[in-house]
Amino acid sequence: MSAAPIRCRLCGEARLETFLSLGRTPLADALVRPEAAGLPEERFSLDVAFCPDCSLVQLLEEVEPQKLFVDNYLYFSSFSPYVLEHSRRHAEGLIAARGLGPGHLVVELASNDGYLLSNFVEAGVPVLGIDPAPAQAEAAIAAGVPTLAEFFGSGLASRLISEERRADVIIANNVMAHVPNLNDFVEGIALLLADDGVATIENPYVRDLIRHCEFDTIYHEHFCYFSCTAVQKLMRRHGLYLNHVEHFPDLHGGTLRWYVGHHDEPSDEARQYLAEEQATGLALPDFYREFGARVEHVRTELRKLLTDLKSAGKTIAAYGAAAKGSTLVNFADIDGSLVDFVVDRNVHKQGLLMPGVQLPIRDPAALLEDKPDYLLLLAWNFKDEIMTQQQEYLDGGGRVIVPIPEPCVL
Ligand code: JHZ
């Protein structure tokens, strides 16, 4: 590990310890228009560090959020039935547990295309979505979900309070990692949340990232990688408490949902997670030391597998123009010499090129047209869902390569 120049986003500590460098990569969601093919792309360092004081894992380089989430963001949550189902269950659970009705307000931060809030709208619960990505906010409004196309922070929270809007429930899924000014974001939650309200916050769990070698989930959109220990410290700084924890092992490679409120009422699960993290050393630098070598091993093995297949005359395509796919193909230098094209159901991504390696993105129907021998699963987090959809390709003899945690052919 080496000392890094920036200060910790959570506690301000200056002695951050870098434990992984993925080189200089283009922004993971900055898909390239065909007319810009071959032109130079902007690149930024992708170095990951650990804070020895508060234990937060974080990126050193800070790309402007406008560039990440307004200028270059084509992620629409509604393209995954698994995510839709997960969100529906969450909404139903909150409505039942908290007796939500027309007199309450549910606010979602990073509400994307309204995929989650629409469940509350259907149940007659007032909602407000907040998301700076213009196309997604527009889609949400068109779907009947009131949405502000803005970044969230203490400023916006104060404005809403001045309009006498306070949230009984705040939902923040896959967004707390996406904000450079972490303290301002959580301060905004503390301001906007009613005294007896609950905030539920979901994010991939750093423990699962390290254990399952999910290095491809590291990209510039994700400034931070959270443990319960770090989340608890973060909340306490803003007068909030971590009261409950749920684990979803199959969501985005392993996701935690943290329940946060103004009062200190920890559940047994919350205590257990914190105690387990202490016992496993998650809050200590040693936990992260071997990670770089394991990542290097995956890169070497994956390149060997693909190169051997190519030498044997096989054709290879990839599935999922995901942000994580971008990290993987760029870090492992998987370009057109190894993979012919990538398929993705998101119509907004089709016709564009993956950043950096510039692989073309096509409709999944291309798999049945071109019949590649192998399919590299970049969106490995949706393996079961994608395999079920691609039964015809598999029945025709297509084979799937899963890159993470260890490259293997299914
Ligand atoms: P997916 C995104 O990361 C970006 P990505 C973001 N920054 C974040 O934090 C994480 O999610 C959580 C497509 N697909 O979800 C859709 C199919 O084509 O793993 C997506 O383009 N067919 C918000 O981009 C991609 O694959 C399918 O059947 O790494 C998956 O991207 C399914 C299910 C998905 O997230």
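Biologist: Which residues does Ser-55 touch, not counting residues up to four places away in sequence?
Modeller: Ser-55 touches Phe-50, Ser-227, Thr-229, Ala-230 and Ala-283, with those up to four places away in sequence left out. Contact means heavy atoms within 4.5 Å. This is a predicted model, in which local features need pLDDT of at least 70 and side-chain atom pairs count only at pLDDT 80 or more, while totals for chains, interfaces and linings use all residues. Residues are numbered from 1 along each chain as its sequence is written, and side-chain values use heavy atoms, with hydrogens and water left out.

Biologist: Where is Ser-55 found, and is Ser-55 buried or exposed?
Modeller: Ser-55 is found in the loop between β3 (44-50) and β4 (57-59). Helices (H or I, at least four residues) and strands (E, at least two) are DSSP runs, numbered from the N terminus. Ser-55 counts as buried, at 3% relative accessibility. Buried means under 20% relative accessible area, exposed over 50%, and partly exposed in between, with a 1.4 Å probe and protein chains only.

Biologist: What about Ala-270, buried or exposed?
Modeller: Ala-270 is buried, with a relative accessible area of 1%. Ala-270 belongs to helix α9 (residues 268-280). Leaving out residues up to four places away in sequence, Ala-270 touches Leu-242, Asn-243, His-244 and Val-245.

Biologist: How many of the residues in the protein are buried?
Modeller: Buried residues make up 57% of the 410 residues.

Biologist: Let us change topic. Which residues line the largest cavity?
Modeller: The lining consists of Ala-177, Asn-203, Pro-204, Tyr-205, Val-206, Leu-209, Thr-217, His-222, Cys-224, Tyr-225 and Phe-226. On a 1 Å grid over the protein atoms alone, a cavity is a set of points where a 1.4 Å probe fits but cannot get out, and lining residues have an atom within 4 Å of a point.

Biologist: How much space lies in the largest cavity, and how many cavities of 30 Å³ or more are there?
Modeller: About 80 Å³ of space lies in the largest cavity, and the structure holds three cavities of 30 Å³ or more. Grid points are joined across faces, edges and corners, and a volume is the space filled by probe spheres set on the points.

Biologist: Now the backbone. What is the phi of Glu-164?
Modeller: Glu-164 has a positive phi of about 65 degrees although it is not a glycine. Most residues other than glycine have a negative phi, and most peptide bonds are trans. Glu-164 lies in the loop between α5 (154-162) and β8 (167-173), and Glu-164 is exposed, with a relative accessible area of 76%.

Biologist: And what is the phi of Asn-174?
Modeller: Asn-174 also has a positive phi, of about 50 degrees. Asn-174 lies in the loop between β8 and α6 (182-192) and is partly exposed, with a relative accessible area of 25%.

Biologist: Which residues does a cis peptide bond join?
Modeller: A cis peptide bond joins Ile-404 and Pro-405, with omega about 5 degrees. Pro-405 lies in the loop between β17 (399-402) and β18 (408-409).

How values were computed
On a 1 Å grid over the protein atoms alone, a cavity is a set of points where a 1.4 Å probe fits but cannot get out, and a pocket is an open set with protein on both sides within 12 Å along at least five of seven lines; lining residues have an atom within 4 Å of a point.
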